[in-house]
Amino acid sequence: MRDLPEGVQILGPMRPGYETILTAEALSLLADVHRRFNAERLRLLAERDARQKRLDAGEEQLDFPAQTAAIRAGDWTVPEAPADLQDRRVEITGPVDRKMVINALNSGAKCFMADFEDASTPSWTNMIEGQINLRDANARTIDFTDETSGKSYALKDDPAVLIARARGLHLDEAHVLIDGEPMGGGFFDFVLYLLHNHATTAKNGSGPYYYIPKLETRFEARLWSLVIRHCEETLGLKRGTVRITVLIETLPAAFELDEILYELRENITALNAGRWDYIFSYIKRQKTDASKILPDRAQVTMTAPFMAAYAERVIAVCHRRGAHAMGGMSAFIPVKNDEAANKAAVDKVLADKTREASIGHDGAWVAHPALVPVALEAFDKVMPGANQLAKKPEVKEDRDALVTPNEGTVTEAGLYGNADVAIRYIASWLQGRGAAPIHNLMEDAATAEISRAQMWQWRVHGATTEDGKAITAERITAVIEKAAADIKAEVGLNAWTAGRFDEAQEILTAMALSDEFEEFLTLPAYTRIAER
């Protein structure tokens with residue numbers, strides 16, 4: 001591109017149409033936001049690392065902050081949700097590719113969370129084309145024709161409400177440099193979506209709505225509040241035009257729910273109980289504590305006491321403050337050509353969503369359009385109104401309830417399953433597909449994170465499987481090799497090589513056996529998919 005703003009470099013290829021997103025106005029605002037806020041983003045990430053060192057050394061423990069007790073005790077609320085976010089009983093989630101966006105908006109769900117983060121590989125192509133797709137969706141001009149099947153897709157009347165999920169603070173956008181530094185990926189996503197969609201969404205009677213992921217503290221929420229306020233003012237928007245939902249998917253955030261709502265109180269409408277990343281964070285933030293070992297992933301359900309306590313706290317705090325409390329993702333998807341297995345999957349989704357509605361959630365997620373009616377049935381039976389804000393359960397500040405692991409077992413099948421699923425998912429991610437159907441579950445990045453974190457935790461603390469055998473580095477290596485061999489035999493050598501499964505095996509092995517625990521697997525893996 002010619003005439004870039006001073007200090008701005010675009011390292012990714014500029015394909016046709018990209019110039020309509022990376023306009024001069026957009027690049028100027030990106031540079032402005034970076035220069036004002038990136039130093040604080042980096043400082044907060046450094047504080048995460050410093051806090052982890054204190055947790056590892058036993059110098060600090062996660063707890064409700066004493067210095068913010070007045071905020072938790074105070075009588076304050078957040079703004080009422082906009083009209084089109086009053087009823088969010090079923091939301092569908094997925095990546096930002098064009099076909100998925102159309103199908104999700106047409107699914108019959110109340111809202112669609114278009115995910116630039118865990119369900120999307122953050123390749124340059126995916127991120128910029130995702131912005132094009134969401135812009136076209138809001139303009140009601142989006143369509144798509146599948147070159148293979150010839151099938152055409154177009155938007156129906158009355159589509160779901162669109163909510164964009166920006167990347168977390170920890171992720172860079174390495175293809176855009178400002179003064180030699182990479183942009184924060186979340187700021188990049190936020191600014192571009194707001195700039196190109198605030199006017200269109202207003203015409204549609206909606207607004208620029210976002211999910212913000214992986215916050216850990218009130219200070220991180222405060223940074224986002226400052227970014228939002230600055231962008232609203234710069235674009236001449238009324239304060240509170242931007243409305244956000246924060247994913248509570250880290251263990252530290254569970255102790256600062258009131259504080260996060262308070263810091264974002266001019267823009268926030270809801271919190272969401274993001275269960276899968278929460279399990280990963282539970283392991284990560286308590287990784288040196290041998291008393292916090294979790295059993296097989298399949299045994300860590302929302303009925304596990306520490307997970308139930310987390311969900312119940314989200315509901316209680318949200319409803320006290322006038323915010324919606326969204327439930328999490330049921331990863332089950334329809335099973336083709338197996339009626340019994342498909343019925344079992346549907347029954348599990350129905351039970352999961354019925355449980356969420358019954359305890360007071362105002363809505364929850366599904367991963368597949370065919371499951372929207374199932375989730376709607378569950379919420380319709382329990383929740384006749386638009387939401388359940390009137391339900392205000394009392395939940396005490398109980399630290400032990402949030403940090404005590406559930407009972408269960410570590411099994412050979414669980415160990416092998418972690419290796420198998422992680423290799424399959426990481427390979428999919430490297431190929432550019434951040435949402436992957438694996439063994440009749442829709443998996444995203446949290447899947448691989450839990451898998452490698454559990455293998456690391458079990459090895460470091462000498463966990464044993466039911467047969468009494470210790471989980472050692474040698475055993476993990478052997479299990480990963482067996483899972484890899486089984487996948488290679490299943491898909492064939494050509495597909496194995498083309499699918500980057502060998503790289504996936506390498507990444508998983510390195511992370512499961514590392515002395516240090518990598519904060520996110522997507523950080524080192526990002527260098528493998530960056531385009532130049």
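Entry 1, pocket. I found that H11 gives the largest share of the lining of the second largest pocket, seven residues; helices are DSSP runs of H or I with at least four residues, strands are runs of E with at least two, and both are numbered from the N terminus. The model is predicted: local features need pLDDT of at least 70, side-chain atom pairs count only at pLDDT 80 or more, and totals for chains, interfaces and linings use all residues. Residues are numbered from 1 along each chain as its sequence is written, and side-chain values use heavy atoms, without hydrogens and water.

I noted 36 lining residues, with Trp276, Arg297, Ala298, Phe332 and Leu441 nearest the centre of this pocket. A pocket is an open set of points on a 1 Å grid over the protein atoms alone, with protein on both sides within 12 Å along at least five of seven lines; lining residues have an atom within 4 Å of a point. Elements giving two or more residues to this lining include helix H9 (275-285) and strand S12 (324-330). The lining divides into 19 nonpolar, 10 polar and seven charged residues.

Just after H6, I recorded a positive phi of about 70 degrees at Gly236.

Key. On a 1 Å grid over the protein atoms alone, a cavity is a set of points where a 1.4 Å probe fits but cannot get out, and a pocket is an open set with protein on both sides within 12 Å along at least five of seven lines; lining residues have an atom within 4 Å of a point. Ala, Val, Leu, Ile, Met, Phe, Trp, Tyr, Cys and Pro count as nonpolar, Asp, Glu, Lys and Arg as charged, and the others, Gly among them, as polar.
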